[in-house]
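I opened a new page for this chain.

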Amino acid sequence: MTTAGEGAPTARARSRVVLTGISSRAWEHPADRGALTALRELRGFDEVVRSFVGMWNERGFRLSHLATGIRVDHRQYPGVYQRFTEAASTLDLVELPELYVTQSPWLNAEAIGLDRPFVTLSSACVQQLDDDELRCLLGHELGHIGSGHAVYKTILSILTRWAASLSWLPVGAIALRGIIAAMLEWWRKAELSGDRAGLLAGQDPAAALRLLMKMAGGGDLSQVDTTAFLEQAAEYDGGGDLRDSFHKIRMTAWSTHPVPVARASQLRHWVDQGGYGQVLAGEYPRRADDRAASVTEEVRAAAASYREAFGRSQDPLVGLLRRLGDGATDLGDWAGGSADRARSWMGAAGEAATRAATRSRRPTPTPTPTPDDHPTPDPTTPTP
């Protein structure tokens, strides 16, 4: 193992472990990883992605950031650029994507694009985050890029637009809403994956929690407390009665991100259960072995993750299901199976896209004339 930031001015920078050859599977939440592994091995998936991308002008979107934001490098926001390179170095990324700062009063960052993904960062992040928090946030977005989440987020945005355009057609709208709801649940788990990547990039659990606290309550932490914030998370998980359970479903079902207190609780749990320390100790999957990843094993891990989460949840509705029977196991198997359902749906879409692409490339056959025929030349047919 080597360390990042040798020669850097702080001891903390020198102590970060470079995670050489790390696979994105090391930081992906089991539910996220199961779906990603299934989709990555789909035949025809490249075709369906290209079909979706054809409706989304990636070049124009990047150009708009080039025109309206600040592209970060060693000359513009050099401190931010330094944190960016440190995060990328720790995660052992092969290529550093472009980074832009855009004007916004909200703490926000995003990984965008498919062929050439890039990262955007709001000006509020530059103003309100310290170096350790900023490194964590940038690592979160680099984790999204490493996992390929931008591809699926683009598909989700397109599906959302389709659902809006088909709202007049009940059957089509209902089917699309079901797909969107499943992909939103997947995306919320992808955000938990990004939080883990951010922690691995910064290797400072306190800074990772401070970042989530600032996202919840603003940039000034002089009058807030980490322990009290985690107590909020526990109360959110288990407080109240069934009415609160249904309110939480309503709050999160159509959201792309888990609520900040839930993200803090999930990240704390990953640290406490040993997953974070295991990666720092060098026990993590390598990129070189990604092709050998088993879809079956990852889907089972996703189901086990949901069962474990339902088993320890203090939510009143989940508790009721446990009392009625083996509800946590049933819910875990159903939710974990979303990877297989997503795989089946994308597989069918991929096959359809491949057939459509094949038909569009196939030349129109020209009938062979017989001696008795006297075909009239077609002026639209090109001559050799």
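I take contact to mean heavy atoms within 4.5 Å. The model is a predicted one.

**Entry: neighbours of Leu-121.** I left aside the neighbours within four places in sequence and listed what Leu-121 touches. On the list are Val-80, Leu-99, Tyr-100, Val-101, Thr-102, Asn-108, Ala-109, Val-126, Leu-134, Leu-137 and Leu-138.

**Entry: cores.** I then looked up the largest nonpolar core, which has 37 residues. Leu-121 is among those with the most contacts inside this core, together with Leu-19, Ile-22, Leu-99 and Leu-200. Helix H7 (residues 131–147) gives the largest share of the core, five residues. Another core lies apart from it and has eight residues, including Leu-209, Phe-229, Ala-233 and Val-259. I note the general rule that in soluble globular proteins nonpolar side chains tend to be buried together.

**Entry: whole chain.** I counted 18 helices and four strands. Of the 384 residues, 43% count as buried. For contacts between residues at least 6 apart in sequence, I find that 73% join residues at least 24 apart. The chain exposes about 20400 Å², and carbon and sulfur atoms supply 55% of that area.

**Entry: surface patch.** Which residues form a nonpolar patch on the surface? I find Leu-242, Phe-246 and Ile-249, with about 270 Å² of accessible area together. Phe-246 sits in helix H12 (residues 242–252).

**Entry: cysteines.** How many disulfides does a search of the whole structure find? The search gives zero. Cys-125 has a relative accessible area of 1% and is buried. Cys-136 is buried as well, at 5%.

**Entry: positive phi.** I looked for positive phi in residues other than glycine. Asp-92 has phi near 55°, and its place is the loop between helix H5 (78–90) and strand S2 (99–102). Gln-203 has a positive phi of about 50° and lies in the loop between helix H9 (170–202) and helix H10 (205–217).

Is Gln-203 buried or exposed? The cut-off for buried is under 20% relative accessible area. Gln-203 has 15%, so this residue counts as buried. Asp-92 has 22% and therefore counts as partly exposed.

Definitions and conventions: Residues are numbered from 1 along each chain as its sequence is written. This is a predicted model: local features need pLDDT of at least 70, side-chain atom pairs count only at pLDDT 80 or more; totals for chains, interfaces and linings use all residues. Side-chain values use heavy atoms; hydrogens and water are left out. Patches are made of residues with over 30% relative accessible area and no salt bridge: like charges are joined within 9 Å, nonpolar side chains (Val, Leu, Ile, Met, Phe, Trp, Tyr) within 5 Å. Accessible areas come from the Shrake-Rupley method with a 1.4 Å probe; for residues, only the protein chains shown count as cover. A salt bridge is a side-chain nitrogen of Lys or Arg within 4 Å of a carboxyl oxygen of Asp or Glu. Helices (H or I, at least four residues) and strands (E, at least two) are DSSP runs, numbered from the N terminus. A disulfide is a pair of cysteine sulfur atoms within 2.5 Å. Buried means under 20% relative accessible area, exposed over 50%, partly exposed in between (1.4 Å probe, protein chains only). A nonpolar core is a set of buried Ala, Val, Leu, Ile, Met, Phe, Trp, Tyr and Cys residues joined through side-chain atoms within 4.5 Å.
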